[in-house]
Amino acid sequence: MECVKELEARPLAFPDMKTAKDWLARHETEVLVGSLVGVAGATFVVATGGAGALVLIPLAAL
């Protein structure tokens, strides 16, 4: 169980936006709004759109 907790505690980081988008689509019920996500060296914040869809907003835009 400790190994599972350690894996869950790792930051989300993806090599490109397509990979990040695919992961978010598969795990939308697990990710927390406000989580930080790294994509190709840039940092994004998980937010919700008007219809409840998850979106990635560049941290620099906040």
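The model is predicted, so local features are reported only at pLDDT of at least 70 and side-chain atom pairs only at pLDDT 80 or more, while totals for chains, interfaces and linings use all residues. Residues are numbered from 1 along each chain as its sequence is written, and side-chain values use heavy atoms, with hydrogens and water left out.

Confidence was examined through pLDDT, the predictor's confidence in each residue, from 0 to 100. The protein has a mean pLDDT of 83. A value of 70 or more is reached by 84% of its residues. Confidence is highest in strand β3 (residues 42–48), with a mean of 92. It is lowest in helix α1 (residues 2–8), with a mean of 56. Where pLDDT is low, the predicted coordinates should not be read in detail.

The protein contains two helices and four strands. Helices (H or I, at least four residues) and strands (E, at least two) are DSSP runs, numbered from the N terminus. In order from the N terminus, the elements run α-β-α-β-β-β. Contacts (heavy atoms within 4.5 Å) were also grouped by separation along the chain. Of the contacts with a separation of 6 or more, 21% join residues 24 or more positions apart.

The protein has 62 residues, and 24% of them are buried. A nonpolar core is a set of buried Ala, Val, Leu, Ile, Met, Phe, Trp, Tyr and Cys residues joined through side-chain atoms within 4.5 Å. The largest such core has ten residues: Phe14, Ala20, Trp23, Leu24, Val31, Val37, Val39, Phe44, Val46 and Leu56. The largest share, three residues, comes from α2. In soluble globular proteins, nonpolar side chains tend to be buried together.

Val37 is one of the core residues. It sits in strand β2. Val37 is buried, because its relative accessibility is 1%. Beyond residues up to four places away in sequence, Val37 touches Leu12, Phe14, Ala42, Thr43, Phe44, Val46 and Leu56. Leu59 lies 22 residues from Val37 along the chain, and their C-alpha atoms are separated by 9.4 Å.

Val31 also belongs to the core. With residues up to four places away set aside, Val31 touches Leu12, Trp23, Leu24, Val46 and Leu54. Leu54 itself lies in strand β4 (residues 54–58). Its relative accessible area is 25%, so Leu54 counts as partly exposed. Leu54 and Leu24 are 30 residues apart along the chain, yet their C-alpha atoms are separated by 7.6 Å.

One aromatic pair was found in the whole structure. Its rings belong to Phe14 and Trp23, with centres 5.8 Å apart and planes at 45°, so the pair is tilted. Rings of Phe, Tyr and Trp (its six-membered ring) pair if their centres lie within 6.5 Å; planes under 30 degrees apart count as stacked, over 60 as edge-to-face and the rest as tilted. Phe14 and Trp23 are both buried.

The structure also holds one salt bridge, defined as a side-chain nitrogen of Lys or Arg within 4 Å of a carboxyl oxygen of Asp or Glu. The partners are Asp22 and Lys18, at 2.9 Å from N to O. Both lie in helix α2, four residues apart, about one turn of the helix. Asp22 is partly exposed, because its relative accessibility is 33%. Lys18 has a relative accessible area of 57%, so it is exposed. Side chains of opposite charge can pair when their charged atoms come close.

Ser35 lies in the loop between α2 (17–26) and β2 (36–39). Its side chain reaches the backbone oxygen of Leu32 at 2.7 Å. Leaving aside neighbours within four places in sequence, Ser35 contacts Phe44, Val45 and Val46. Ala40 is found in the loop between β2 and β3. Ala40 is exposed, because its relative accessible area is 59%. Its phi is near 50°, a positive value in a residue other than glycine. Most residues other than glycine have a negative phi.

Conventions. A polar contact is a pair of N or O atoms within 3.5 Å; within protein, one must be able to donate a hydrogen and the other to accept it, and residues adjacent in sequence count only if both atoms are side-chain atoms. Buried means under 20% relative accessible area, exposed over 50%, partly exposed in between (1.4 Å probe, protein chains only).
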